[in-house]
Amino acid sequence: MATPAQGMRPLTTRDIVGFFAMVVGMFMAILDIQIVSSSLSEIQAGLAASSDEISWVQTSYLIAEVVMIPLSGILSRIMSTRILFTVAAAGFTLTSVACAFAGSIESMIVWRALQGFIGGAMIPTVFATSFMIFPPEKRAGVSVMMGLVATMAPTIGPTLGGYLTQHMSWHWLFLANVIPGIIVTSLVWLLVDVDRPNPELRKGFDFPGLLLMATFLGSLEYVVEEGPRNDWFDDEAILALAVVAAIGGIGFFWRVLSYRNPIVELRAFADRNFAIGSLYSFILGIGLYGSVYLQPLFLARVRGFNSLQIGEIMFVTGAFQFLSAPIAGALSKRMDLRAMLALGLILFGSGVWMNSHFTAETGFWELFVPQAVRGMSLMLCFIPINSVALGTLPPDKLKNASGLYNLMRNLGGAIGLAAINTVLTDRNALHLNRLGDNVNLARPEVQQMVDNLSQRFDGLVADPTAAAMSRLVGLVQREALILTFNDAMLLMSAVFFGALLFMPLVRRPGGPVKADH
């Protein structure tokens, strides 16, 4: 076993097993965001819910989780990492059971909100713990493992969810958490011992700050989740909550910058590396959640593929993530992490750019190389971003900063998806108008195509000309949709290439982080 860095206690097998159990808990929490997404229609049918109500199964989880993630920093200092994570894992498991047996959409929404809120504490706690117990020479391997978990869970979530629902029932989306949840809860309680609770922090706990943070983040998450599908500020509820988010945000920032014991310590952003690393975490969230959302949507809406076919195609990204993990880990020990991050951003941007050439015939093999490039790039991005953001912070700022860092990735995903959906709506309308203007019967080529189609339908339908026109409209709509997906991919690619502009601001990360044991 390697000699521990100065100021750090020796790393034991007990630490490693306990930490691995925490990583499994984090995997469950991240996976549960995506695993439900592929089976919302089955849950809707099972609970007799409306199309408007069923979206809250996802929205309630995300809103509650985004509130807990930054709150976890002060809670882990008050309760200790061991107690907070044990409570979170046990609560997540119990609420998973409650979700599985929910008898109405109202009870499902309540239990999903509780599941997201309680489970949200597991995600940032793992990141903080990794920097507290592992010496610098072991952090590359640990970052590889956390990176695989944080990026693989969204990638395989829809596929796994579709499989469970198809072969069993939607209840197993939640019941699948029970046995792993019990194991994680038990192992963390028995093995994790990285810090001591500080009950003194309960004195002067900032309840007004908590209320303002929940109001700000919860309203913001609702606006960016529901805005694209409800015409943004044309919807009264979205407009009202946007105003609430703005007022809550002003109050929240005033409170945390003026109160002596704030609920979240924003001064961590004064560290340049942490601020830039959090920005890159935000950008990675856009790419990670955006690509996992856009490609299956294209395959379903344009190609008409079922969930199994989509899952087989999406598996390529996950496979190359897994294969690239040891390569990325080895590179992180030999390569300047700033150069590694730049390489990862270039590769991810290139992979998404290659995906911006969709056609009506795009299938497995056309998507294989872009997905392989994107899968390889994710680990090259994640490891250096993690080290840049958290690798130079002192221990008294680490837990709080980990919550903010993970919050940025989730906000990146939420805001990125909102932007993508807005682009899909606006650009689809634009392309439909442009193609519609060009596809008119005054043009000889269009008239010839209608005549050919009419001849093909002659004898098969009562009105061949009407069938030909309907077919032409369908082709126009399909091509407009393809151009729209290509535009969205190009925009996401531009975000990653644009992120390279911030690279000169990044200082080389390094130096041990001591555990506050």
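Is Ser 130 buried or exposed? Ser 130 counts as buried, because its relative accessibility is 2%, and buried here means under 20% relative accessible area, whereas exposed means over 50% and partly exposed lies in between, with a 1.4 Å probe and protein chains only.

## The model and its conventions

This is a predicted model, in which local features need pLDDT of at least 70 and side-chain atom pairs count only at pLDDT 80 or more, while totals for chains, interfaces and linings use all residues. Residues are numbered from 1 along each chain as its sequence is written, and side-chain values use heavy atoms, with hydrogens and water left out.

## The chain as a whole

The protein chain holds 19 helices and zero strands, where helices (H or I, at least four residues) and strands (E, at least two) are DSSP runs numbered from the N terminus. Along its principal axes, the C-alpha trace spans about 85 × 50 × 45 Å. The radius of gyration of the protein chain is 24 Å, which agrees with the value near 24 Å that a compact globule of 517 residues would have; this radius is taken over C-alpha atoms, and the globule rule is 2.2 Å times the number of residues to the power 0.38.

Of the 517 residues, 55% count as buried. Among the contacts with a separation of 6 or more, 84% are between residues 24 or more positions apart, a contact being heavy atoms within 4.5 Å. The accessible surface comes to about 21500 Å², and 66% of it belongs to carbon and sulfur atoms; such areas come from the Shrake-Rupley method with a 1.4 Å probe, and for residues only the protein chains shown count as cover. The mean positions of the 33 positive and 35 negative charges are 15 Å apart, where Lys and Arg count as positive, Asp and Glu count as negative, and His and the chain ends are not counted. The place of each charge is taken as NZ of Lys, CZ of Arg, CG of Asp or CD of Glu.

## The nonpolar cores

A nonpolar core is a set of buried Ala, Val, Leu, Ile, Met, Phe, Trp, Tyr and Cys residues joined through side-chain atoms within 4.5 Å. The largest one has 126 residues, and the members that touch the most other members are Met 108, Ile 263, Phe 274, Tyr 280 and Leu 390. Helix 13, residues 272-301, gives the largest share of this core, namely twelve residues. Apart from it lies another core of ten residues, including Val 144, Leu 337, Met 379 and Ile 383.

Ser 278 lies in helix 13 and is buried, with a relative accessible area of 0%. If neighbours within four places in sequence are left aside, Ser 278 is in contact with Phe 269, Ala 389, Tyr 405 and Met 408.

Pro 296 also lies in helix 13, and with a relative accessible area of 17% Pro 296 is buried. Leaving aside its neighbours within four places in sequence, Pro 296 is in contact with Ser 291, Ile 310 and Met 314.

## Other places along the chain

Ser 130, with which this report began, lies in helix 7, residues 122-133, and is in contact with Phe 19, Val 142 and Met 146 when its neighbours within four places in sequence are left aside. Ser 80 lies in the loop between helix 4 (56-79) and helix 5 (81-100), and counts as buried at 4% relative accessibility. Most residues other than glycine have a negative phi. Ser 80, however, has a positive phi of about 90° although it is not a glycine.

Leu 201 is found in the loop between helix 10 (178-191) and helix 11 (207-226), counts as buried at 16% relative accessibility, and touches Arg 77, Ile 78 and Asn 261, not counting residues up to four places away in sequence. Arg 508, in the segment after helix 19 (464-498), is exposed, with a relative accessible area of 56%. Arg 508 and Asp 336 are 172 residues apart in sequence and 7.5 Å apart in space, C-alpha to C-alpha. Not counting residues up to four places away in sequence, Arg 508 touches Asn 273, Asp 336 and Arg 338.
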